[in-house]
Amino acid sequence: MTGAGLRAGAPWRVLDGFGGSQRSASLFTRPRSVEELADVLRQARAERLPVSFRGNGRSYGDASLNTGGLAIDVRGMNRVLAFDRASGVAELEPGATIEDLWRAALPHGFWPQVVPGTMFPTMGGCVAMNIHGKNCFKAGPFGDHVVELDLLAADGTLHTLSREREPETFRAVVAGLGLLGAVTRVKLRTKRIETGRLRVRPVRTPNLAAMFDCFAQRLPTADYLVGWIDGFAGGAALGRGLVHEANYLSAAEDPQGRSLLDNDRQGLPPSIMGVPRSVVWRFMKLFTNDPGMRLVNALKYHLPESFGGDGSFLETHVAFAFLLDYVPNWRAAYGDAGFIQYQVFVPDSTARACLAEVLSRCRRRGVVSYLGVFKRHRPDEFLLSHGLDGWSLALDFPVRPRDPAPLRELTRELTDLVLEAGGLFYAAKDSVLDAPQFARAYGDRLQRFRAIKRALDPDALFRSDLSRRLAIGG
Amino acid sequence: MSLRFQRAIVVGGSSGIGAAIARQLAAGGAAVAILGRRTDELDRVAAAARAPGAGAVTTLAHDVTDADSIAGAFGRAVDSLGGLDLLVYAAGILHVPEEGEYDLGRDREIMKVNALGAMTWTGLAAARFEAARAGTIVAISSIAGERGRRTMPAYTTSKAALTAWMEALRNRVSRHGVNVVTVKPGFVDTEQTRHLAKKPMVISAERAASLILAAARRGGSPSTFIPARWGAVAFVVRNLPSRLFRRLDL
């Protein structure tokens, strides 16, 4: 910040959502401490400059964008403040990442309770979006393991929030999309683990019903359960895919796995099929089109994985958890127009019919997802969270700027279907909903959130492109 | 390709080429925000541009040497237009020092208007256009920027800087669909050049404006001389050995 103030003195930066299909030009600053952050907020308030927060930019849509406003990059505050080796409770600054967390935890026999498919999201982002992982049916979302957090509010006051202290605010800040203030400290529990590996069991499922059945059968015993769906398959094979179940191992089950509680032995492989990881996206780009992805999906479904004698194999936590990090810069394979990720959450009672219809509408419209991911969820306590007693399907669609109508119409139809089925959406992934659709999905919860926002941020200092699009507050 | 400009900002539009560009844009139906220091001149240009069928014209008093005010002026202009397709940076000042004169304050002022103001205005537009993957930026440089000339050292330096800046901007954002246009006029009959003794191949401001807008509409991020025949002159001037060039009365 210069003496000229933020509007005149802060640099501009073009930022994009992780999908690369949404961009904004905004003022940009990266404070290094809570004090600097407080100064920036004070100045932004004085200049009536809308503020949003951004970490590593892993939200797919416009959640961290703030056209014409100020984007505060929290990565200047990225320390692991404390890690209790006995209890596994960690305290981190908002710019610390999932990678920082697992690296702090693993050598002491702990692993984050919840990780997404990439290790790069920051703590601030994980709280704001209430991220989930492949164990969401069992462990719930990220917020379920947050013990306490500090929030710097618009008026400069620091609130320490937990389930005991200002619990209503706590439940609004987690999954609060960064719209209630700056999270400056996160205290959370990690999980004790005995070895550095998981036992992974892949199961091929010939259609969507089989995938639901496979999940139902394995949910009681699995620690992680995730389904991959081939969106190109139709007819009797609609929704075919692979389920991966993974379980933690005791020291007795995996004596050699103890030595893998070592950060240096948890890395991702340097190459994939002999190709250095850093250039794999260039090969992917050749296949990132309908015929190419049809082939890739079919091969993925049909080719066997490296199964052991009982159909299972051992994999490190990092290798199993962070699939999206195998190919650096993989999003570039979608080209300059990028892609959107669209994730729908449907209650258990309506999920089978609804998700089958979602997949079949995609095929009928000729707009097929290149990557489909299927998960089971449980409800949680956070106001704008996506968690429910049901199922989710995440779909990646390439964006075609010269012919945007088919994707726009498809997602509008799918959103209506999901709303009809009583479903929810995930703001970290969203870029297609409008304000009435969001209000219909969240109903009274949105009203309660808005009331808390009015109290904490009466001048609507904290805004983003997403909050404006969905009319969340301010 | 022929681009249509519906919302345009002209910085330095109170006289000369900028005023002519503003008038022609408005006559073509574009909404235009004209910025300049002299409000009476701005009002006069705006009044001339307002005609039946012309686009809306707004004016904003602005001094490009006040760096801290540029972002605010840019924001207000964009808001008043409801968006932006085209930015034209036409602000420029010229001073021919006398033999033995070293007016360094004046030289700094020339750099502020011709180069630094241009960098800030076009930079703001580039950020906006890069995000939007569309938009056109035009800056009026000069053939004078091809060499450092003893008769107008600060002016030629400022135009060389502007040309290089625009090339850098072009290399930075044309890949994102932004049209970055550098125009390098020769002599144009304006208030600024009225005192110059020799003005070979001089053209009117209206003619210059029409050639500049035609170059901008063609797209493809050109860097072009106005009119094109100055390209041949520039080629010769650029390639003259320094020992010879310094002897010329240029």
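Which residues does A:V173 touch, not counting residues up to four places away in sequence? Select A:V173 and look for A:L149, A:L151, A:L161, A:L180 and A:V183; contact here requires C-beta atoms, placed from the backbone, within 7 Å.

This is a predicted model, in which local features need pLDDT of at least 70 and side-chain atom pairs count only at pLDDT 80 or more, while totals for chains, interfaces and linings use all residues. Residues are numbered from 1 along each chain as its sequence is written, and chains are lettered from A and ligands numbered from 1 in the order in which they are written.

Next, the sheet. Select β16, β11, β13, β12, β18, β19, β17 and β20 of chain A: in that order they form an open sheet of eight strands with antiparallel pairing. Strands are DSSP runs of E, at least two residues, and helices are runs of H or I, at least four, numbered from the N terminus; two strands pair if DSSP finds at least two bridges between them. The edge strands are β16 (313-316) and β20 (424-425) of chain A, each pairing on one side only.

Finally, show both chains. Nine residues of chain A are in contact with nine residues of chain B. On the chain A side, β2(A) gives the most, with three residues.

Methods. Two residues are in contact if their C-beta atoms, placed from the backbone, lie within 7 Å.
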